[in-house]
Structure formats: C-alpha cells, structure tokens
Amino acid sequence: MARTQRALTDQAADAAVEAACKVLHLSTIRATYQDQLAAAARAHLSHRAFLAELLMSECEVRERRRSETRLRTAGFPRPKWLVDFDFDANPAVSQAVIATLAECEWIRRGEPLCLIGDSGTGKSHLLIALGSAATQQGFRVRYCSAAKLVNELVEAADEKMLTKTIARYGRVDLLCIDEFGYLELDRRGAELLFQVLTEREEKNSVAIASNENFSGWARTFTDPRLCAAIVDRLTFRATIIETGTESYRLKHARSRIPQQTMDTPSASTTTERNESDPGGSKSE
C-alpha cells in the first residue's frame with residue numbers, strides 16, 4: 001500500500017529522518033544530516049543532488065570502515081605501506097613491478113608471489129605493504145609466519161579441526177606467509193603446509209617472503225619429493241622478485257658510523273695529546 005503524501009513541518013521532517021536512520025542503520029546520514037542540509041542550501045542543490053550527497057557519504061564511510069576491518073583482521077604485525085619503501089636504497093626491486101602488483105590483478109587471477117632475498121632487504125615490508133594494498137581494494141587477506149601457520153595446523157590436527165582450519169585459510173583471497181624457509185619443518189608440518197597450498201592452488205593467491213633461494217628449501221623441507229611439490233605449487237605462474245643480498249638496516253647503521261667517529265675523539269688521538277702535554281693544559 002502506498003504511503004499517503006502529506007506536508008511535514010521542518011521539525012517533523014527532522015524527526016522522521018532521525019527515526020528512519022535508526023531503523024535503517026544509516027549512522028553517517030544520521031550524524032551529518034543537519035550539516036549536509038545546510039551545505040546543500042548554501043549550494044542551492046536540487047532535492048535529487050542532496051539525496052545523492054547523503055547516500056554517497058554513507059557509502060564512503062561504510063567502505064572505509066570495511067577497509068579498516070579487513071586491514072585489522074589480516075593480522076599484520078605492524079603497519080607497512082608501499083609509499084614508505086625506499087626504492088633508491090634497494091635498486092634490485094623494480095618500482096614499476098611493485099606498482100603493477102599493487103593493482104592486484106595477480107590476486108584476481110589467483111597467482112602466487114615469491115619475495116626472495118637476504119634479511120634486511122625489504123621482503124617483509126613489501127609483503128605487508130602489498131597485502132595492505134589488497135585490503136584497500138576489497139580483498140580478504142591473512143598474514144602469518146610459516147612457523148605460526150604450521151603450529152596452528154598441527155594443533156588443529158590434534159584437535160580434529162584440521163579440515164575446518166584448512167578451509168578457513170583456503171577462503172581468503174590472499175594468504176601472506178612470512179619467514180618462509182627460516183626453520184626446518186618435520187615431515188608432518190611440511191605435509192600440513194602442503195595441504196594449505198594445495199587447497200589454494202590456482203584459486204586464491206599465496207605470497208611468501210623467504211631468505212632462502214628455492215634450492216635452499218631442501219633444508220626446510222627435508223623430504224625431497226615434498227620439497228619439490230611445494231616449490232612447484234608456489235612457482236607455477238608466479239611473480240618472483242629477488243630483493244638482493246645487501247641489508248638496508250645494516251647499510252643504514254654503517255652510514256652513521258663515520259659521523260659518530262668524527263664526533264668522538266679516538267683513543268690514539270687522546271694518547272698523543274697526553275704524551276705531548278703531560279701536565280695538561282692548565283696554566284701555571
């Protein structure tokens with residue numbers, strides 16, 4: 001049945017908007033309605049344009065909240081963004097390639113990403129930053145270290161919850177696994193990890209960061225056949241980025257040593273000064 005049209009006073013209209021916003025859970029419109037009404041009057045907006053402004057503001061705030069929730073539930077250990085990555089300090093990493101990855105087409109295609117390099121070369125920064133960029137584009141992302149993931153899988157298997165746990169990791173659009181290859185895994189742990197990778201194969205993306213080249217993964221996955229199968233899962237149609245061998249943190253620390261040396265007199269200089277003036281500089 002159509003609602004009967006009737007004229008409303010401004011006070012009645014405001015009360016009706018307030019009540020409708022509560023029922024429809026339009027918290028942004030409810031909070032900003034009066035301010036936007038005044039702005040619309042100053043700008044001489046039509047009723048249609050005013051309604052569009054109200055609805056767009058609600059949608060924008062909701063999307064920002066959803067993006068914040070996706071970022072929070074991803075489980076990143078610290079905030080990292082691509083804008084903060086120093087490409088000049090690490091010329092081994094192509095800024096153009098990273099910019100292309102940030103567009104997330106590889107995630108839409110369900111392709112893997114492998115970041116390989118020594119400690120301190122920016123692997124984890126890129127892993128977290130690309131994962132964060134994915135959350136902003138609406139993708140569900142989950143971050144964990146390889147050791148934490150394997151421990152969770154082992155506990156789930158012991159508690160008869162393995163299928164549910166693997167399915168949960170299989171549903172996210174992007175699974176970011178850090179510190180891949182740092183620790184040796186027994187056969188059981190490697191097999192459980194392999195099950196997760198198989199669950200996601202060619203459907204949802206996996207991104208890993210490792211300080212070992214693929215040839216060194218034999219020390220992590222001690223079963224050669226299982227190691228080969230894991231490498232195959234992670235490299236088929238993958239983007240592979242080598243971040244180099246020179247640690248940015250170590251280079252940054254070394255760059256500060258000359259200035260500290262200049263500011264602090266050396267032991268040899270002090271000794272020579274004392275020998276040339278045994279009595280010190282005090283006047284007699």
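Predicted model: local features only at pLDDT ≥ 70, side-chain atom pairs only at ≥ 80, totals over all residues.
**Exercise 1. Find how strands S1 and S5 pair, and over how many bridges.**

Step 1: Locate strand S1 at residues 113–117; strands here are DSSP runs of E, at least two residues long, and helices are runs of H or I, at least four long, numbered from the N terminus.
Step 2: Check the pairing, which requires at least two bridges found by DSSP between two strands. S1 and S5 pair in the parallel sense over 5 bridges.

Residues are numbered from 1 along each chain as its sequence is written, and side-chain values use heavy atoms, leaving out hydrogens and water.

**Exercise 2. Work out the strand order of the open sheet, and explain why one side of S2 and of S5 is without a neighbour.**

Step 1: Read across the 5 strands: S2-S3-S4-S1-S5, with parallel pairing.
Step 2: Look at the edges. S2 (141–145) and S5 (239–244) each have a single partner strand, so one side of each lacks a neighbour in the sheet.

**Exercise 3. Say which residues lie nearest the centre of the largest pocket's lining, and which helix gives the most.**

Step 1: Among the 22 lining residues, Val 17, Tyr 33, Phe 50, Leu 51 and Leu 54 lie nearest the centre. (A pocket is an open set of points on a 1 Å grid over the protein atoms alone, where a 1.4 Å probe fits, with protein on both sides within 12 Å along at least five of seven lines; lining residues have an atom within 4 Å of a point.)
Step 2: Helix H1 gives the most, with 7 residues.
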